[in-house]
Amino acid sequence: MATSASPIRTLPFLSRLTKHHRIPVHALEEASEQAGGELVRLNMGPFRPYLVTHPDHVQHVLVQNQSNFVREGMFWEPLAPLLGEGILSDGATWAESRRILQPLFTARYVNALAEQMGVIINELIDETITPGRPFDISRGISAIVHPTIVRLFFGSKISVADIARLVPAYDVAVTAKAMRLVMPFVPEGVPMPGDRAFRRAIKAIDAVVYPRIREARERARQGLDQDSVDVVARLVKAREDVPGEEGERRIRDDLVAMHGASTETSATALTWVWPILDAHPGVAAKVYEEIDRVVGADPVSTEHLPHLPYLKMFVSELLRCYPPGWILPRKAVAPDVIGGVEIEAGSTVLLSPYLTHRLTEFWDAPSVFDPERFAPGRESGRHRYAYWPFGAGPHVCLGQHLFMMEAPLLIAGILRKYRPVVHIDRPVTPRLASSLRPPPGLTMTLVPAGRS
Ligand code: HEM
């Protein structure tokens with residue numbers, strides 16, 4: 001077939017993964033450096049996905065021609081029993097869920113949620129942190145983030161015992177399929193480590209979620225839930241016209257998918273805060289000074305947030321360097337041309353904010369952590385798709401504004417009282433899991449801030 005498209009380079013990848021088996025993110029970085037922003041294919045043996053990093057190409061796939069790049073294929077199928085047919089699917093069921101969920105994330109509703117979130121976070125910090133005692137950072141932060149989200153989503157409709165069942169089940173469900181993400185070409189029929197744990201976790205989640213949905217529907221029928229602002233009550237109202245089990249399943253799918261999308265990403269991002277503060281004392285001093293001045297010893301609230309601009313710059317830079325959603329896979333429905341290169345129908349296209357955020361064409365010294373990149377006015381000349389930790393286009397993250405309030409509430413909530421002492425015995429390199437996690441086993445001790 002005659003075509004005007006240019007030939008594409010295929011870069012070795014399996015051999016790179018073998019070389020960097022201890023730190024696979026280096027294989028990804030090396031391939032992206034070799035690609036230099038061009039579209040390339042990665043040679044993973046039987047599987048040769050396209051790698052998209054250039055902001056123009058990101059814009060093409062996620063925005064301009066997004067209907068040709070769907071969330072289907074080998075990366076999405078293993079997670080289907082968890083995510084169901086709602087907001088994290090694609091096509092008509094996704095569009096319907098997006099229409100229902102979008103109003104829950106308007107500025108007004110997010111502000112109301114964030115106010116509540118501030119109260120819950122302050123309570124959980126007091127409950128879960130023991131100053132002077134070392135703890136696993138990832139577990140400690142999850143112990144605040146996960147119950148916060150569950151309480152925001154379910155309001156008062158969920159018991160402490162159910163939260164205690166739900167939180168670890170989610171944790172297993174989002175991490176158990178990590179092997180399949182690294183080796184997506186292994187068919188679902190071939191058992192892999194994590195499969196059974198995944199199925200058990202889904203059962204445990206459903207055993208908590210379905211009864212809560214039925215109760216919420218019953219309350220709504222009796223006219224008892226008119227003023228509830230929690231997400232379950234809102235979803236029940238939105239699905240009034242879908243009766244019986246089908247309605248329950250649609251509510252379950254959105255609730256569970258939203259939970260998955262919000263907890264793993266937020267907890268991972270907020271785990272990175274501490275090793276980064278530890279490694280950058282100059283940045284840390286500015287963060288501490290701002291929080292001491294603005295929040296002092298008071299409980300942190302949404303009213304403080306507009307007065308914490310440096311903390312916001314810090315969080316933006318954190319998401320540039322360590323975007324939790326490090327890889328976005330899509331399947332090309334029809335053939336297409338991106339940046340002059342022909343894409344085959346049915347093939348997998350991989351997009352990675354982690355790699356786009358490190359392109360030297362768009363970022364000076366990209367490996368340096370520098371919140372000043374996000375100082376007022378500094379962003380104006382930047383390519384719109386050079387920075388996209390929350391995705392882009394019609395699937396852009398629904399929770400980004402909520403996270404940009406959750407993050408300073410949690411960080412300032414801790415730092416108004418404590419200073420972190422991080423215990424590090426090796427370089428802190430990112431780990432490729434379902435999100436871009438710091439290495440396991442990273443611990444810290446929180447000591448009183450000693451404000452005079
Ligand atoms: C650091 C925190 C977060 C990051 C980095 C993040 C990242 C992302 C990314 C990259 C996408 C695009 C997925 C795609 O295009 O396939 C996305 C979608 C989504 N996010 Fe987030 N997210 C975060 C927090 C949250 C929170 C707190 C919530 C909910 C309250 C949330 C809910 C969602 C939902 C529902 C979608 C799917 C939207 C759609 O497909 O229409 N996220 N997120």
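This is a predicted model: local features need pLDDT of at least 70, side-chain atom pairs count only at pLDDT 80 or more; totals for chains, interfaces and linings use all residues.

Residues are numbered from 1 along each chain as its sequence is written, and side-chain values use heavy atoms, with hydrogens and water left out.

Let me begin with the helices. The axes of helix H10, residues 195-221, and helix H12, residues 244-279, come within 10 Å and cross at roughly 120 degrees. Axes here are lines fitted to C-alpha atoms, for helices over the stretch in contact, and angles run from 0 to 180 degrees between N-to-C directions. Helices are DSSP runs of H or I with at least four residues, numbered from the N terminus. Contact, meaning heavy atoms within 4.5 Å, involves residues of H10 including Ile-202, Asp-206 and Arg-217, and residues of H12 including Gly-244, Glu-248 and Val-256.

Which residue is the only protein donor of the iron atom of the ligand? It is Cys-397, through SG, at 2.3 Å; donors are N, O and S atoms within 2.8 Å of the metal (3.2 Å for Na, K and Ca), and water is not among the atoms, so sites may look incomplete. Cys-397 lies in the loop between helix H15 (353-356) and helix H16 (400-415).

His-357 also lies in the loop between H15 and H16. Because its relative accessibility is 0%, His-357 counts as buried, a term for under 20% relative accessible area with a 1.4 Å probe and protein chains only. Not counting residues up to four places away in sequence, His-357 touches several residues, among them Leu-319, Trp-363 and Tyr-387.

Definitions and conventions. Helices (H or I, at least four residues) and strands (E, at least two) are DSSP runs, numbered from the N terminus. Buried means under 20% relative accessible area, exposed over 50%, partly exposed in between (1.4 Å probe, protein chains only).
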